[in-house]
Amino acid sequence: MEKHTDRVIAKIVIILISIYLIAPIVATIMYSFAKSWVNTIFPDGWTIEWYLQLITNSDFLSALIRSIILGVITTIIVMCCFLPVVFYANVYDETIKAKLRFITVLPFTIPGIILVTGLVRVYANLPIPQMLVLLLAISLLSLPVTYQALDNAFIAHDFRAMFEQAMILGDSPLRAFLKIVIPNIRVGIFIAMLLTFTSAFGEYVLTNIILGGNYETLKIYMYRLMQSNGQASSVLTTVYFFFLAIISVIMITVIKRQGSKKGEAVEDIKKL
């Protein structure tokens, strides 16, 4: 009887939490399609006019392109800098992994506003492009998710033995890295790239303080739109939400496929 009561209470709590989280999303999506929604339970009608206005808005397209450029360049920097480090830590010297874990925690412990203030004070009077400062800062903030995704990929195989065998067979370190390591961690690299891209794509604090209105990204444009047009901001919020949802579905699908392939490989080994 007590177990049944506990289950009922647990289900009620889960339902209430789900409603609390989902209701604002549903309301925002409905408002983005509404012709007018004032003093009524449901909108007076439905339209896609607001979406058409957003798509044809030059400010929106410019902000979208800037955000994509920021995300792509940040992803390239992160992969070029962090992938070799994680590779070295897993293949050559595993003792530095503890130090890497400590470093990856730092972005969580240092508030973004403090980091930005320090960067502005240090680099304001130096002949360094502010865009470069922004790219490096976002790259460092994305370090925790990038490191975890790459490190999990390396844990799956004994890359030290595979790498050494490739070199014994005559491959150079670079060739062995490209032929042996990269193909076996491509899923981890793909997940890390997606996480890094979404992190940079949605960055607001760093971009707004370091560059301000000189480089209006999608998040900055969204905030400006919220202060002037609630209907248009709902449309942009809906578009952004579905963009992140698609990214999440892709990552979940890739991870599930990789897990199923590993399970099949284990079953084949057991049969042998």
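Which residues of α6 are buried? The buried residues of this helix are Val-133, Leu-134, Leu-135, Ala-137, Ile-138 and Ser-139, where buried means under 20% relative accessible area, exposed over 50% and partly exposed in between (1.4 Å probe, protein chains only). The model is predicted: local features need pLDDT of at least 70, side-chain atom pairs count only at pLDDT 80 or more, and totals for chains, interfaces and linings use all residues. Residues are numbered from 1 along each chain as its sequence is written, and side-chain values use heavy atoms, with hydrogens and water left out.

**Helix α6**

- Helix α6 covers residues 130-141, 12 residues in total, and reaches 17 Å from its first C-alpha to its last, close to the 16 Å expected at 1.5 Å a residue; the expected span is 1.5 Å times one less than the number of residues.
- Helices are DSSP runs (H or I, at least four residues), numbered from the N terminus.
- Met-131 lies in helix α6 and is partly exposed, with a relative accessible area of 28%.
- Leaving aside neighbours within four places in sequence, Met-131 is in contact with Leu-70, Leu-211 and Tyr-215, contact meaning heavy atoms within 4.5 Å.
- The C-alpha atoms of Met-131 and Ile-210 are separated by 8.2 Å, although the two residues are 79 residues apart along the chain.

**Salt bridges**

- The whole structure holds 3 salt bridges, each defined as a side-chain nitrogen of Lys or Arg within 4 Å of a carboxyl oxygen of Asp or Glu.
- Lys-97 and Asp-151 meet in a salt bridge at 3.1 Å, N to O. This pair links distant parts of the chain, with Lys-97 in helix α4 and Asp-151 in helix α7 (residues 143-155), 54 residues apart. Both Lys-97 and Asp-151 are buried.
- Asp-59 forms a salt bridge with Arg-224, with the closest N and O atoms 3.9 Å apart. Asp-59 belongs to helix α3 (residues 58-91) and Arg-224 to helix α12 (residues 218-226), 165 residues apart.
- Glu-216 and Arg-224 meet in a salt bridge at 2.7 Å, N to O.

**Aromatic residues**

- A search of the whole structure finds 12 aromatic pairs, where rings of Phe, Tyr and Trp (its six-membered ring) pair if their centres lie within 6.5 Å.
- One aromatic cluster is formed by Phe-87, Tyr-88, Tyr-92, Phe-154 and Phe-177.

How values were computed:
Helices (H or I, at least four residues) and strands (E, at least two) are DSSP runs, numbered from the N terminus. Rings of Phe, Tyr and Trp (its six-membered ring) pair if their centres lie within 6.5 Å; planes under 30 degrees apart count as stacked, over 60 as edge-to-face and the rest as tilted.
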